[in-house]
Amino acid sequence: MSGIGTDGNSRASSFDRRIDGLDVAAYTVPTDAPEGDGTLMWTSTTLVLVRVRAGGATGVGWTYGSTGCVAVIADDLAGVVTGRDALDVAAAFDAMVKSARNSCRPGLVGYAISAVDVALWDLKARLLGLPLYKLLGSVREDVPVYGSGGFTTYDDERLRDQLELWTRGQRIPRVKIKIAESWGSREGRDLARMRLCRETIDQDTELYVDANGGYTAKQAIRVMAAAQDLDVRWLEEPASSDDLAGLREVRREVRADVAAGEYGHDLVYFRRMCEAQAVDCLQADASRCGGITEWLRVAAVAAAYGLEISAHCAPNLHLHAAAATSNLRHLEWFHDHVRIEEMFFDGTLDPTGGALRPDPTRPDHGLCVRDADIEPYRVQ
């Protein structure tokens, strides 16, 4: 369906393009088993869902974070975007960021801005009748993914089952597990689980590990030296993402590519990480850093430093932006978010073969909320 009339004008008139409302709600979903990484454990995940309306269409966006996002969106951001032209997403984003000066953008406010921005892009695509990746300017039809989960709370059997689902069932050629259990105090178990992974997957499958900042830099180097025969290709947050000198030291000493950036909240954060030569691949999360608008700008910063970018978590949220990014490496097929998105949205995609492919016939980001399924989990 085309959104452009024969006279060259958008079918959405200047009148009915005005944003006339915004709704937000939070839903808390129990995990299917206790989950943990190097520094935290959790048994539920909260999704904050935003719907923005204009011209008879509704755009949907979301983030994974605190229920506190609801108040930020309802009390602050809704008034900033309501009444604006729905096609001017960049102007709405700029206004939201400026309005948050005294609230401090990093953290909760950034998550809230991200959810609204994603909804605005979805709304614009719907009004123009275009798949979002085409509206953004696609550069690829296939977006590579890696299987991600392997929580430190899993026993060997559950870990093995998950790895086999990804590699044999879905033929994903890249998989990642969590390490640095209990702030790096269980190195022996970390190494045993890494060896179990290599024994379960074939030699052609890339093995990734994520320490979530649970090691010190020197400790990460020692652990990776002990795992040298396992051919680990990706080492995520081997030390705190705030320790740029430590990340640079690890990057210099290990064979695996070092990645970080999932907590980034604006361009300056990512520029500093690139300038410090702290990573081989930059990560960014559109549900945290400022939505699709800022994620695409972060990708440009990475490109300016000769780096690729990887999309952190929320795979269905990132898909269209990833398809419009030339220096993309892959996106994360994260177990927790995959499960939630499949529970509550129509239009989620199948990673079989190791890639996602946006639907060229859908005039939006491809997802629609199943209200009857999500409402029982509503907490705000």
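In what follows, Ala, Val, Leu, Ile, Met, Phe, Trp, Tyr, Cys and Pro count as nonpolar, Asp, Glu, Lys and Arg as charged, and the others, Gly among them, as polar. The structure is a predicted model, in which local features need pLDDT of at least 70 and side-chain atom pairs count only at pLDDT 80 or more, while totals for chains, interfaces and linings use all residues. Residues are numbered from 1 along each chain as its sequence is written, and side-chain values use heavy atoms, with hydrogens and water left out.

The second largest pocket holds about 170 Å³ of space. A pocket is an open set of points on a 1 Å grid over the protein atoms alone, where a 1.4 Å probe fits and protein lies on both sides within 12 Å along at least five of seven lines; its lining residues have an atom within 4 Å of a point. The volume is the space filled by probe spheres set on the points, which are joined across faces, edges and corners. The lining divides into seven nonpolar residues, one polar and three charged. Among its members are Ile221, Met224, Gln228, Asp231, Glu253 and Arg255. Helix α8 (residues 217–226) supplies the largest share, three residues. Such elements are DSSP runs numbered from the N terminus, with helices (H or I) of at least four residues and strands (E) of at least two.

Helix α8 also packs against helix α7 (residues 187–200), at an angle of about 40 degrees and with the axes 10 Å apart. Axes here are lines fitted to C-alpha atoms, for helices over the stretch in contact, and angles run from 0 to 180 degrees between N-to-C directions. α7 and α8 are therefore oblique to each other; angles under 35 degrees count as roughly parallel, over 145 as roughly antiparallel, 65 to 115 as roughly perpendicular and the rest as oblique. Their crossing is right-handed, that is, the near helix is turned clockwise from the far one by less than a right angle. Glu187, Leu191, Met194 and Arg195 of α7 make the contact with Gln219, Val223, Met224 and Ala226 of α8, where contact means heavy atoms within 4.5 Å. By class, these residues are five nonpolar, one polar and two charged. Met224 belongs both to this contact and to the lining of the second largest pocket.

Helix α7 has a further partner in helix α5 (residues 156–169), packed at about 40 degrees with axes 10 Å apart. This pair is therefore oblique, and α5 passes α7 in a right-handed crossing. From α5 come Asp156, Leu159, Arg160, Leu163, Glu164 and Arg168, and from α7 come Arg193, Leu196, Cys197 and Thr200. The contact has four nonpolar, one polar and five charged residues.

Another helix pair is formed by α1 (residues 68–81) and α3 (residues 108–128), whose axes come within 9 Å and cross at roughly 55 degrees. α1 passes α3 in a right-handed crossing. Residues including Val72, Ile73 and Leu77 of α1 meet residues including Tyr111, Ile113 and Val116 of α3. This contact has 13 nonpolar, one polar and no charged residues.

The largest pocket has a volume of about 570 Å³. Of its 27 lining residues, Leu40, Trp42, Tyr64, Arg288 and His337 are the closest to its centre. β2 (41–54), β5 (174–178), β11 (328–334) and α13 (335–344) each give two or more residues to the lining, and β2 gives the most, with four. The lining comprises seven nonpolar, 10 polar and 10 charged residues.
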